[in-house]
Amino acid sequence: MHALSWCLNNVISVSTNSTTLVLLYVKPPPPANFSAFDVAGYLFGNDVVADLEDYYRKLVDSVMSKAQQVCMKSQIINIKVEKKVGSGDAKDVICGTVEKLGADMLVMGSHGYGFLKRTILGSVSYDCAKQVKCPMVVVKHPKNIS
């Protein structure tokens, strides 16, 4: 939400004629289908998969609702907001969407992981910066806001 607010305050102008802002939420891919003889298949049975899908659906609805509220609070009236949801590896979905849409700019937030976490988990923003062809801004979350 911080990156969205930053984008609305610093990138999109109140005097802009017509701008489309695409809000993209990337959820993890669903667990693979396992055979009935696989131990993991027991752990990820139909009930668990259905619960995960329900959880992610509610999470996406919540995040998109909050994002819509942030957009509505802005003073920008000539803005069209499109909501998109992708599933898979975040960097692949983000970069693919940017390319498919022919985006003019990518604005994304950063978790602000330290060296060790970034080394283990990787950095989606770093991978996107290497791959996208449009300008990109990574908005760091202020340390004093939790």
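Predicted model: local features only at pLDDT ≥ 70, side-chain atom pairs only at ≥ 80, totals over all residues.
L21 touches L4, C7, L8, I12, C71, I79, K80, V81 and E82, leaving out residues up to four places away in sequence. Contact here means heavy atoms within 4.5 Å. L21 sits in strand β1, residues 19-27. Its relative accessibility is 10%, so L21 counts as buried. The cut-offs are these: buried is under 20% relative accessible area, exposed is over 50%, and partly exposed lies in between, with a 1.4 Å probe and protein chains only.

Residues are numbered from 1 along each chain as its sequence is written, and side-chain values use heavy atoms, with hydrogens and water left out.

**Chain overview**

The chain has six helices and four strands. Helices (H or I, at least four residues) and strands (E, at least two) are DSSP runs, numbered from the N terminus. From that end, the order is α-β-α-α-β-α-β-α-α-β. Of the 146 residues in the chain, 23% are buried. Take the contacts between residues at least 6 apart in sequence: 77% of them join residues at least 24 apart.

pLDDT is the predictor's confidence in each residue, on a scale from 0 to 100. Its mean over the chain is 81, and 75% of residues reach 70 or more. Helix α2 (residues 39-43) has the lowest confidence, with a mean of 52. Helix α4 has the highest, at 95.

**Helix α4 against helix α6**

Helix α4 (residues 90-101) packs with helix α6 (residues 124-131) at an angle of about 35 degrees, and their axes are 9 Å apart. Axes are lines fitted to C-alpha atoms, for helices over the stretch in contact; angles run from 0 to 180 degrees between N-to-C directions. The α4 side of the contact consists of A90, K91, I94 and C95, and the α6 side of V124, D127, C128 and Q131. By class, five of these residues are nonpolar, one is polar and two are charged. Nonpolar covers Ala, Val, Leu, Ile, Met, Phe, Trp, Tyr, Cys and Pro; charged covers Asp, Glu, Lys and Arg; the others, Gly among them, are polar.

The crossing of α4 and α6 is right-handed. That term applies if the near helix is turned clockwise from the far one by less than a right angle, and left-handed if anticlockwise.

K130 also lies in helix α6. K130 has a relative accessible area of 57%, so it is exposed. K130 and C95 are 35 residues apart along the chain, with 9.8 Å between their C-alpha atoms.

**Loop residues**

D104 lies in the loop between α4 and β3 (106-110). Its relative accessibility is 69%, so D104 counts as exposed. Neighbours within four places aside, D104 is in contact with C134 and P135.

P29 belongs to the loop between β1 and α2. With the neighbours within four places again set aside, P29 contacts S87 and G88.

The C-alpha separations are listed below.

| Pair | Apart in sequence | C-alpha to C-alpha |
|---|---|---|
| D104 and C134 | 30 residues | 5.9 Å |
| P29 and A90 | 61 residues | 9.5 Å |
| K130 and C95 | 35 residues | 9.8 Å |

**Aromatic pair**

Rings of Phe, Tyr and Trp (its six-membered ring) pair if their centres lie within 6.5 Å; planes under 30 degrees apart are stacked, over 60 edge-to-face, and the rest tilted. The count by this rule is one aromatic pair. Y55 and Y56 form it, edge-to-face, at 5.2 Å centre to centre and 65 degrees between the planes. Y55 is partly exposed, at 48% relative accessible area. Y56 is partly exposed too, at 21%.
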